[in-house]
Amino acid sequence: MNRKIKAKHGMQALISLLMAFAVSGILMAVCGYQPFLIFGAILHGAFGSKSAIVQTLIQSTPLIFSGLAYIFAARAGMFNLGMEGQIYMGGIAAAAIGGMDLGVPAPVHIGLTLCAGMIAGGLFGALAGVMKACFGANEVISTLMLNFVAINFTSYLVNYPLKAPGPVAQTQNVMPSALLPKLSAHSQLSAAILLAVFTALAVKYFLGRTAKGFDVTVTGSNQKAAQTAGIRIRRILILAMFVSGAIAGIGGACHITGVDRRFVDGFSAGYGFDGIAVAALASNRPLMVLVSSIIFGALRAGALRLNMTTNLPTDFISVIQALVVIFVAAPMFVEDLKRSVYKLAGRTAGRRKEAKER
């Protein structure tokens, strides 16, 4: 039964994705562009060469972390819209620790840097959890507003106390001992992608195989039943938001130590917000995040080629992502469409059969 439900969710996600591409193609045609040419350019820019595939993986890595962060909070019934801010907090903490000459071996320095990012993001996420659990604050509003707090706070830090010499608002370079190892020469692809895959496996295992993960899932499904079973709801909500923020924070830390090698003001290209779309397409399943993040990463990588080969505004990539979320969030519409297609196919087959019999 569980396999049937998963297959159903997977089919709905696939149909939603195809519908998003179809509608966006129609919009492109209405605006005077050639949809097949555009999608061909995106596909070539994402998978047309080794460098294109590497770029897709680079763009996918932070989306894996943000998607997993959203899913973990969602399993507890919490809507974490603050991954963007948690990414920034994790990034600035990683830049601060990674920029220090601690005189320790590289593995230790890397571990301390990533832990700093994880803790900073986790504490920032737990703040929204405390506000929800102890004061009844709506986490949608609090996490959304905390994004602006984090973005502006880190902007202040890199413009004043942590600013490196020069006109650009950025920190000093991260020490070589704190940089993640590269997986591909002359590119920004680092071991962060491996850490992202490991995180997805860890989240899957924690939620599905541990007692505390069961408590998180039960709390998200039915708080009254969880309370009756003796689960401490407040602790679970705070824990879920801490872990969610920690996952986003380590994503920011990985970007700083694997890609930018310093904290640059405004470094995130909306990775936290796109994580919501990634989680939606994955139907809130941790391992499926790996697939959905590659799809969205391919769109981002393909957008780079659009600038060189077409005159289509890259904002259309955001349109595609938004349409995916809309169609995923409307499963009844997708189901009705499927039924209509099946009915039409059945009628067509029946007419053909009658025509042959005649």
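Colleague: How many cavities of 30 Å³ or more are there here?

Modeller: Rolling a probe the size of a water molecule over the atoms shows where empty space is left. A cavity is a set of points, on a 1 Å grid over the protein atoms alone, where a 1.4 Å probe fits but cannot get out. By that rule, the count is 1 cavity of 30 Å³ or more. Keep in mind that this is a predicted model, where local features need pLDDT of at least 70 and side-chain atom pairs count only at pLDDT 80 or more, while totals for chains, interfaces and linings use all residues. Residues are numbered from 1 along each chain as its sequence is written, and side-chain values use heavy atoms, with hydrogens and water left out.

Colleague: What volume does the largest cavity have?

Modeller: About 110 Å³. Volume here is the space filled by probe spheres set on the grid points, which are joined across faces, edges and corners.

Colleague: Which helix gives the largest share of the lining?

Modeller: Lining residues have an atom within 4 Å of a point, and helices are DSSP runs (H or I, at least four residues), numbered from the N terminus. Helix 10 gives the largest share, 4 residues. Helix 3 (50–75), helix 7 (192–209) and helix 10 (233–260) each supply at least two. Among the lining residues are Ile 58, Gln 188 and His 255.

Colleague: Is Ile 250 buried or exposed?

Modeller: Ile 250 sits in helix 10. Buried means under 20% relative accessible area, exposed over 50%, partly exposed in between (1.4 Å probe, protein chains only). Ile 250 has 12% relative accessibility, so it counts as buried.

Key: 1 Å grid on protein atoms, 1.4 Å probe; cavity = no way out; pocket = protein on both sides within 12 Å on 5 of 7 lines; lining within 4 Å.
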